Amino acid sequence: MGVAVGSPQQGALGGTQAHAKDGSAGFALAKLEELVNWGRANSVWPLTFGLACCAIEQISAAASRFDIARFGSEVFRASPRQADLLIVSGRVSNKMAPVIKRIYDQMSDPKWVIAMGDCASCGGPFNNYAIVQGVDKMLPVDVYVPGCPPRPEALFYAIDKLREKIKAEEKLGVRE
Amino acid sequence: MTEKIIEKLTAKFPAALKDHSEFRGDTTLKIDAEQLRDVASFLESDEDAQYNLLVDIYGTDRLNLGQTPRFAVNYELYSIPKNSFIRLIVDVPDPGRNGGTDGSGRFGEPLPKVASVTDIWPTANWLERETYDLMGIEFENHPWMHRIMMPDNWVGHPLRKDYPLGGEPVYFEKDRNNPRFAHLGKQIMAGPSFETELPEEMDTNGHMVLNLGPHHPATHGVLRLATELDGEKVVRVTPELGYLHSGFEKTGENKRYEKFIPYCDRMDYVSPMNNNLAYVMAVEKLMDVDIPEHVQYVRVILAELQRIASHMIWLGTHAMDVGGTPHAAPLYCFMMRERILDIFEMVCGARMTTSYFSVGGLRWPLPGAFMDAVRAFLKEFAGYYHDYHVMLTKNPLWLSRLKGIGILKAEEAIALGITGPLLRAAGVPLDLRKVRPYCVYDQFDFEVPTSTDADSYARYTVRMEELHQSMRIIEQAIDQIKPGPYRTADRKVALPPRQEISTSMESLIHHFKLVTEGYLPPEGQVYSIGENPKGWLGFGLISDGTAKPYRLRVRGPSFVNLQATNTMARGGFISDLITIIGSIDIVLGEVDR
């Protein structure tokens, strides 16, 4: 990452310590884009939102054994206004589809979507009248996670992939 | 005892009983549609019958069977005092057809009609609504005949045989903007499904209507509760379901019998083993297969482990809902659940969607380290079980949030068709493992915990004691289990061993037949119930002699139990509604199916 830290005595690019031993506050230089991306990528807050079986694995991922807090995503927010990440964890029915669309619209930018599991990715085993064949029919999906249900490790891999994606975003993630 | 009832019935209503039959221990009575209500109230109130628990109502579309009339309604009844099941089948007269239409109800044609039994068994309310929604049979004098699973503006009735399975192709291509794929995604309804109708008796002017869900952290899934409030007091709760309706029954009717097993996992996804067990028991009942004793013991051990795991989810989320209790409780619960999932992973490779039981036995033999792993788990769990008690049982916050909240008395519970821990917490010691033991549950010494307080705290104590009893059952089972074959020797059901295929022509043929065609159960109708952690999971199967079930019915215990929300929550505070939902222990996958 292109963030440079230093102290006034050492000059902008020469230093390696943000806080020099003499007590001066120090300073950091970075490209705004990268600094913002760095902050965003390390605090992806998911929405407290579960649909079906995958939601239970999502809870397991948040519990002590797997501990999603290691990736800065332990703050599950109940309000879409405060969430960055929508994890669609389960099958999306026709009746639920407009509701999910509305929840996604209520989330403030920047926002990302993980389609967790086969059902959210492509309908899974439920190719029938009731289930929408993949949530990507109505939302832009950033990462797809295969598995029925995916293990918590698979969800972490997806979050890691999403962090990579966020870090590489240009123009502060403004989409035209 | 059913002979006596049939005798009495014919004496009292000579024209009502058209036929009666026995198949695999199920008694079926064919009742005339005109006299359904008379017969129903007789069966409910007569002292020799006392069929006080209406287990299930489901419709049948006999279009492809060539029988007339086309529709029939099945009523599964159970008598708690007499411990007896009975099934009523009512042929629904065909509606008049206007101008040669197909009678499918798609364009406002009349639907077939039958009398409602809601006033005899209040639990019929939702079951009849579901039958109306999915099968298109109308129930006269029903309090609110309205769709329950599908959106209000849905056209048609999906479980009818002339209604296609639906679905659309899925292309795994990167290009979203390709016009080739423009026709996809048309299943999504245009209208906003969250603005559905409310019952007429709801006072939307004088009272405030608060919409809890479908996305709410405390509803345990996608459930919507339209709550009518007078200040902070709950006047009426109207649950709105169907946000996770996945068409399990229709899917099952388009799959071979054994291929539905993986689907059961995804119904009540916190207790897949119990679901598998209930389903394979239903198919085994239909086919009359003998199961080796070793298999029965393994099934009991795994089912009881799953019961503990399911109760762990209940306890964790319930404690989280109550909120005032230490937030550590869910983490402690999930830790023990993880241990059980490790055992499942060892057994079948999957944490949650196990599909380990197959018709006729188990999918694979148990791994060698299984018994030691279960013993180690029991030892560890005993300590944690003690911790849960220390954390919650006498915790003043826990007591004040649960004691005297959400009262559901025995007679109300029975009328609403409640089963499982909710019914036992109301003082009715009804546990299928005890009253009609399946597998080898009669070999074990265990108690059925009950309570007479009938409140949320009683449901907590009953479930906690069930955890203890499950531990006892598992301990006894691992002491008593003996090695043996892991599936039945009946080659018409279970695959022959690999080495036999290379030596015996007959085995090769069986193998080929089973893999390409599946097994062919005899024609008939069965209904089989398993005692799940949440209540009775019922499977109804109607076979027409082919490899696919003609009609597959699933009775989800959460679906029926959820109907008690209004009874339990009205008159209380809105904050107690949350703890009540937690104490019912629902899983939306099973509610909506």
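In the predicted model, the area buried between chain A and chain B is about 4300 Å², with carbon and sulfur atoms contributing 63% of that area. The contact brings together 45 residues of chain A and 56 residues of chain B. Polar contacts link 20 residue pairs between the two chains, counting pairs in which both residues reach pLDDT 80 or more. On the side of chain A that touches chain B, the elements giving two or more residues are helix 2 (53-62) and helix 3 (97-106) of chain A. By class, this side of chain A comprises 28 nonpolar, nine polar and eight charged residues.

Side chains of opposite charge can pair when their charged atoms come close. Across the interface of chain A and chain B, six salt bridges are found by the rule, while a search of the whole structure gives 54 salt bridges over all chains. A:Lys95 and B:Glu240 are joined through their side chains in a salt bridge with an N to O distance of 2.8 Å. This pair crosses between chains, A:Lys95 lying in the loop between strand 3 (85-89) and helix 3 of chain A, and B:Glu240 in strand 10 (residues 233-240) of chain B. A salt bridge is also formed by B:Glu345 with A:Arg151, where the closest N and O atoms are 2.5 Å apart.

Two packed helices are described by the angle between their axes and the distance between the axes. Within chain B, the axes of helix 8 (residues 328-348) and helix 9 (residues 370-393) come within 10 Å and cross at roughly 170°, so that helix 8 of chain B is roughly antiparallel to helix 9 of chain B. Residues making this contact include B:Tyr332, B:Met336, B:Ile340 and B:Ile343 of helix 8 of chain B, together with B:Phe370, B:Phe377, B:Phe381 and B:Tyr384 of helix 9 of chain B. By class, the contact of helix 8 with helix 9 of chain B has 17 nonpolar, no polar and three charged residues.

For helix 6 (residues 272-287) and helix 7 (residues 293-322) of chain B, the axes come within 7 Å and cross at roughly 140°; helix 6 and helix 7 of chain B are therefore oblique to each other. Among the residues in this contact are B:Pro272, B:Leu277, B:Val280 and B:Glu284 of helix 6 of chain B, and B:Arg299, B:Leu302 and B:Gln306 of helix 7 of chain B. The contact of helix 6 with helix 7 of chain B consists, by class, of six nonpolar, two polar and three charged residues.

Conventions
Residues are numbered from 1 along each chain as its sequence is written. Chains are lettered from A and ligands numbered from 1 in the order in which they are written. This is a predicted model: local features need pLDDT of at least 70, side-chain atom pairs count only at pLDDT 80 or more; totals for chains, interfaces and linings use all residues. Side-chain values use heavy atoms; hydrogens and water are left out. Axes are lines fitted to C-alpha atoms, for helices over the stretch in contact, and angles run from 0 to 180 degrees between N-to-C directions. Helices (H or I, at least four residues) and strands (E, at least two) are DSSP runs, numbered from the N terminus. Angles under 35 degrees count as roughly parallel, over 145 as roughly antiparallel, 65 to 115 as roughly perpendicular and the rest as oblique. Contact means heavy atoms within 4.5 Å. Ala, Val, Leu, Ile, Met, Phe, Trp, Tyr, Cys and Pro count as nonpolar, Asp, Glu, Lys and Arg as charged, and the others, Gly among them, as polar. Buried area is the accessible area (1.4 Å probe) that two parts lose on being put together, summed over both. A salt bridge is a side-chain nitrogen of Lys or Arg within 4 Å of a carboxyl oxygen of Asp or Glu. A polar contact is a pair of N or O atoms within 3.5 Å; within protein, one must be able to donate a hydrogen and the other to accept it, and residues adjacent in sequence count only if both atoms are side-chain atoms.
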